[in-house]
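Welcome, and please load the model in your viewer. We will go from stop to stop, selecting a few residues each time and looking at what is there.

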Amino acid sequence: MSLIYLLHKPYLMLSQFTDNSPPTNGKRRTLAEVIDIPDIYPAGRLDYDSEGLLLLTADGALAHRITAPDHKQPKTYWVQVEGIPEPSALEQLGRGVTLKDGPTRPAKVRMIAPPAIAERDPPVRFRAEIPTQWLEITIIEGRNRQVRRMTAHIGHPTLRLVRTSIGPWTLDSLAPGEWRTTKINMPTRSAGRGQARRNHRR
């Protein structure tokens, strides 16, 4: 039995517990502000300017199982983009697009209504004359800033990105900065969610 921590990483926070950038760059917020548990580490990462689900654990084998490319954990994102994509643009994402580091695998993409999530702090900057649209995008890769590059490729820059699930683990009702724990069996390949213990607020 292994313990995993599900954290809603806030916007403009590093997916690590320390900021190793030069002092002249100014210190950035880290996970130490929202979760104070010794000897746990992120299983994977989430960009500084992205929000949503981040998994942490002290179990190295579990972390490897979550992040290893051969396990192909699907990751789902709610993505607010600039403009309203045409069906043909969404079909491109569904088939896969060619980025500078090669073609992407096919993605699951659909338009969704604005999700019931808290406003970002600071809020998204909009251009009044250009509408926005929310998409739900599921990928099975983990390239650097992949979703943002995919939407830019079809001409619709990402304004806000929230990861809602990784494999069987979901963000559910966690608010930014909140976390919960769950126990799973290892090394079962199909291990998934167990019973959540409790929520913590910071």
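How many aromatic pairs does the structure hold? The structure holds one; rings of Phe, Tyr and Trp (its six-membered ring) pair if their centres lie within 6.5 Å, with planes under 30 degrees apart counting as stacked, over 60 as edge-to-face and the rest as tilted. Select Tyr5 and Trp179: their ring centres are 5.7 Å apart and their planes meet at 55 degrees, so this pair is tilted. Tyr5 sits in strand S1 (residues 2–9) and Trp179 in strand S11 (residues 179–184), which puts the partners 174 residues apart. Helices (H or I, at least four residues) and strands (E, at least two) are DSSP runs, numbered from the N terminus. Both Tyr5 and Trp179 are buried, where buried means under 20% relative accessible area, exposed over 50% and partly exposed in between (1.4 Å probe, protein chains only).

A word on the ground rules before moving on. The model is predicted, so local features need pLDDT of at least 70 and side-chain atom pairs count only at pLDDT 80 or more, while totals for chains, interfaces and linings use all residues. Residues are numbered from 1 along each chain as its sequence is written, and side-chain values use heavy atoms, with hydrogens and water left out.

**Salt bridges**

Next, show the charged side chains. There are 13 salt bridges in the whole structure, each a side-chain nitrogen of Lys or Arg within 4 Å of a carboxyl oxygen of Asp or Glu. Select Glu82 and Arg127, whose closest N and O atoms are 2.6 Å apart. Glu82 belongs to strand S4 and Arg127 to the loop between strand S7 (108–112) and strand S8 (132–139), 45 residues apart. Glu82 is buried at 16% relative accessible area, whereas Arg127 is partly exposed at 43%.

Now pick Arg110 and Glu136, which meet in a salt bridge at 3.0 Å, N to O. This pair links S7 with S8 across 26 residues. Arg110 is partly exposed, at 46% relative accessibility. For a joined group, select Arg45, Asp47, Asp49, Arg145 and Arg148: salt bridges that share partners make them one network.

**Helix H3**

Just after H3, look for Gly155, which has a positive phi of about 85 degrees.

**The pockets**

Which residues lie nearest the centre of the largest pocket? Select Lys75, Tyr77, Glu141, Gly142 and Arg143, which are among its 28 lining residues. On a 1 Å grid over the protein atoms alone, a pocket is an open set of points where a 1.4 Å probe fits, with protein on both sides within 12 Å along at least five of seven lines; lining residues have an atom within 4 Å of a point. The largest pocket holds about 530 Å³ of space, a volume being the space filled by probe spheres set on the points, which are joined across faces, edges and corners.

For the last stop, turn to the second largest pocket, of about 220 Å³. Ala116, Ile117, Leu171, Asp172 and Leu174 are the closest to its centre, out of 16 lining residues. S9 supplies the largest share of this lining, three residues.
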